[in-house]
Each structure stands twice: as structure tokens, then as C-alpha cells.
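Q: I have a new structure to look at and would like to learn how to read it. Could you guide me through a few features?

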Amino acid sequence: MAVAVFFYGRCLSARVKAKFYMKNNYINTGYGPNFLVIDIGHKDFTAIINPKTAFWTLARKDHLGQIISDGKFISSFKKKEDEFIKEMETLRFGLKPSAVYFNPTDRCNFNCTYCYIPEKMRKHGANMSPEKLIEGLSILKKYFKTTVPKGRNPQIIFHGAEPLTNKEAVFAGIEKFSGDFDFGIQTNATLLDDEAIDFVLKHKVGIGISIDGPDARTADKLRRDWKGEGYFSQIVKVIDRLKDHPGFNVICTITTENMSRLSETVDFFHESGVKVCMLNIIRCTQEKSRTVKPDDAEAAKHYIKALERSWELYNKTGRKIIVANFANIILGIVAPSARRLMCDISPCGGGRCFFAVAANGDMFPCSEFVGVKEFKGGNIFKDKIPKVLETEVFRKVSERQTEQMDPCMNCAIQHFCGAPCPAEAYTMNNKDITNRGAFCEFYEEQVRYAFRLIAEEREQDFLWKGWDKGMKQNFEYMA
């Protein structure tokens, strides 16, 4: 029986210098490569992974011995190993910032249980004036000319707290720099009136809306205003207006209060015309959020069930709903350099692919650190951005590697998971950023499920159309 091995990656133009190897074509000894075998929960297939390069193959269980002892397979891998290493090193250490999470305000009209920004900041924090916001964007425009290739726009995502509580400043910035940045807004949608929606559509602003369930009973449980009122019905109306906007997506945060209804939530999103959503496991950076932290195994069970439901809906209706954070996991496996999000790789994107600017101009590796003051690296109005990126606190994040973490250093899937999130790990583990975050088992099961889909040739059903444009298969072996 033929066994195919595929590794997808971008075409590399750099010439690869061949290594000298002894004739030892064995794995896990001497000059042979290191391969780990993992159970993916499939009846017929298992995965064989080289953790260093994120190279993998799926092998039939009854052919496992044939693969790992096949000198032709091993020598073929070794000829490509340097190329794979170079691609991973570029992805992990060679990228420069191309995006900023920009908080124009510390304040929010909601008091969500799991918010990563401390309650005091959300009640009494700073607002950035329109003039200072425009000054900040001017500084970023100049900086990004040194890091972003000509012809490509850097991204500015207005984040929060709730950015539209400072709508005047946000819209002034978008209007002035509409051709210089690709703008996005992450919002609870309660301040998106008709006039505001017309503005974001006109300026082609990406919009992400947070909603945590298929009905008010679930969605409003942890997401309420300061008076305890929920806004599910109002948010649904906004979804209906934005559902055909190319830059629209919806985020659902997974907690103890809604995980059992994730499949129903996918049904609701699909029925509402949502094309892209994220089902994000809760971040436990703030202590209050840990009161609604779900059990790993239980959350993974409901999450995978919801992913299967998205596939059933696609097969039934012909219309996909992309669960973007999971699609990114698949891309991390089949085409590492094609991934679109940078939370599930080590180091994560914080401080190297993007950084965050708070309402007073303070700079942090990621928005998740805005409430963790010791990770302030500088101020955009006072300090040079390249110097801030080289500060000790930024480098703690941008140099955080699974190879230096226990038990991640011995984990086969370390480059498909990334041990997120450093802010969460820091606040949960006595300020030890080199520890794991809150959901090791959840991420394990997510990766195993992705491999099962690949074994069943279903992975394309979970990915964006045209995701592989410009990609090529650069390793194939038949036994």
C-alpha cells in the first residue's frame, strides 16, 4: 500500500547548503532526525512529527514500522531538513511588526466578567483625544515604512475596552489615514448605530463583534453593562446589517457558561449569515476570569462538537462558516507560513509581529498585557518604537520559546500550539512567563482533531477559499 507524506510550505528562493551526514539512516539516534509518534485518535492513522521543523506525516498504524525504518524516507527528509528549519526560523524570529492593537480608550460601557482589562481602568481610565490619536497614527505611519513592504498596508485594530466609547477620535483617525492603514475595530456593537455602520462600510473598516451565545439567556450572562443589562437583541440587528461586509467577523468566548451551547451558537451564526467567526477559549489573565474557566477536556469536547457542526452545515447548505482560530491551527500544520493569527506559535506574535498602544500612549507587547503594568515597554509619544521593541519586558514575550519550557520542550506538537498565552501564564504562575498557560489539554485535543481531519481528507472544508494561492508542495515521498 502506498503511503504519501506531504509537507506544504511557501516556495523558498534561498539556496540550501547541504549537510554532510554519515550513512546512519536511522531516526532518533546519531545523525538521524528526531521523530515522535502521537496518537491522533483515529482508528487507522497515527502522526509522526519532527518537532524541530514541524514536519509531519500521517502513517497507517499497520505501516508505522515500515515508515520509521525506511532509509529512503529518512534520507529524503534530511535533504530538505535545512529548508524546513529555515522556514520555521523565519516565521518564528524573522518577522517584523506589521500591525498594532490600538486602544483609544481604557473605558468600556460593559462590565464583562472575563475582561482582561482591570475594572478600575474600564470605569475611570484615560481617553485619547482625536489630536493625540492622529499624532500616534502619524508616528506609526512613519515607523511602518521601515518594516512593511511597499505596496502593502500595515494594520491598525482599534481595540479595547470599547473603542467606540471614543468614536470621535477613532473615526477622525480612520478618515485622515484611510489610505495608509487597513483599519479594524473590535467592538461589543452596542454603539454601532446606522451612521457609524455607514461610516465603517464606506471606509472598508474590518469589524469584529463579540457575542457569546445563540440567545439572550446565554449571550448576556457574562456580557452586561454596568447596570446589569444585556444587549443581545440589539447586537443581532447589527449582525444583520454587517453580515455581507467582507471584513466582518464574530467572536464567541468559551466559558463555563456557554460551552455546552457552542454547537447551537454555530447554528445561530450560520443562520444569521455570519461567514467567519472565532470560538476563542477564555483568557485567564485577570483573576476574575478564572471564576468562569472551563475544564480543558470538557471544553475541548464541546468545541470539537461545534466544529463538526460547522462541517455538517457546510455539507447540508453548501455555505461555509469558517471558525478562524481553528482554521489557523490547520494552516499551522499544513502550511506554517500561511497562518493568519500568531497566538498559537512560539514565540507568539506579541512584540514581534504586532504590539499594543494604550490610551495614554503606553506600549505593551500585546493588548492582553495592558492591565499588567510591569510589561509597559515605553510610550509611543516619548520613545522610539525600535528601542521599545528591544526592551527587556518586550523581549520576555518575543523570545519566549517552547524549547525552554517544561513539558513543552518534549512535546511533539509544540509548534502547532505555542503554549499560549504569555500574559495568562505570567499572571497565573507567580509571574513566571516561561510556564504554560491555562489550557494545555484543550490545545492538544484541538491539534489531534485537526490531524484526524487531514487523515479523512476533510481539512479543506474548514479553510478559506484560495488559502493556498502562491503555495506549493515541497516534499512528497511514496513508499
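A: Gladly! Let's start with a general idea: a salt bridge is a side-chain nitrogen of Lys or Arg within 4 Å of a carboxyl oxygen of Asp or Glu. Keep in mind that this is a predicted model. Here, the side chains of Arg 60 and Asp 62 form a salt bridge, at 3.6 Å from N to O.

Q: How many salt bridges does that rule give?
A: The count comes to 28 salt bridges. One of them joins Asp 240 and Lys 243, with the closest N and O atoms 3.1 Å apart.

Q: Are Arg 60 and Asp 62 buried, partly exposed or exposed?
A: Residues over 50% relative accessible area count as exposed, and those under 20% as buried. Asp 62 is exposed because its relative accessible area is 61%, while Arg 60, at 22%, is partly exposed.

Q: Which helix holds both Lys 301 and Glu 298?
A: Both lie in helix α10, 3 residues apart, about one turn of the helix. Glu 298 is partly exposed, at 31% relative accessible area.

Q: How far does helix α10 reach?
A: Its 22 residues, 296-317, span 31 Å from the first C-alpha to the last, close to the expected 32 Å. After α10 comes Gly 318, with a positive phi near 80 degrees.

Q: What do the buried residues of α10 pack against?
A: Buried residues of α10 include Tyr 303, Ile 304 and Leu 307. The helix's buried residues pack against β9, α9, β10, β11, α11 and α16.

Notes
Residues are numbered from 1 along each chain as its sequence is written. This is a predicted model: local features need pLDDT of at least 70, side-chain atom pairs count only at pLDDT 80 or more; totals for chains, interfaces and linings use all residues. Side-chain values use heavy atoms; hydrogens and water are left out. Helices (H or I, at least four residues) and strands (E, at least two) are DSSP runs, numbered from the N terminus. The expected span of a helix is 1.5 Å times one less than its number of residues. Buried means under 20% relative accessible area, exposed over 50%, partly exposed in between (1.4 Å probe, protein chains only). Contact means heavy atoms within 4.5 Å.
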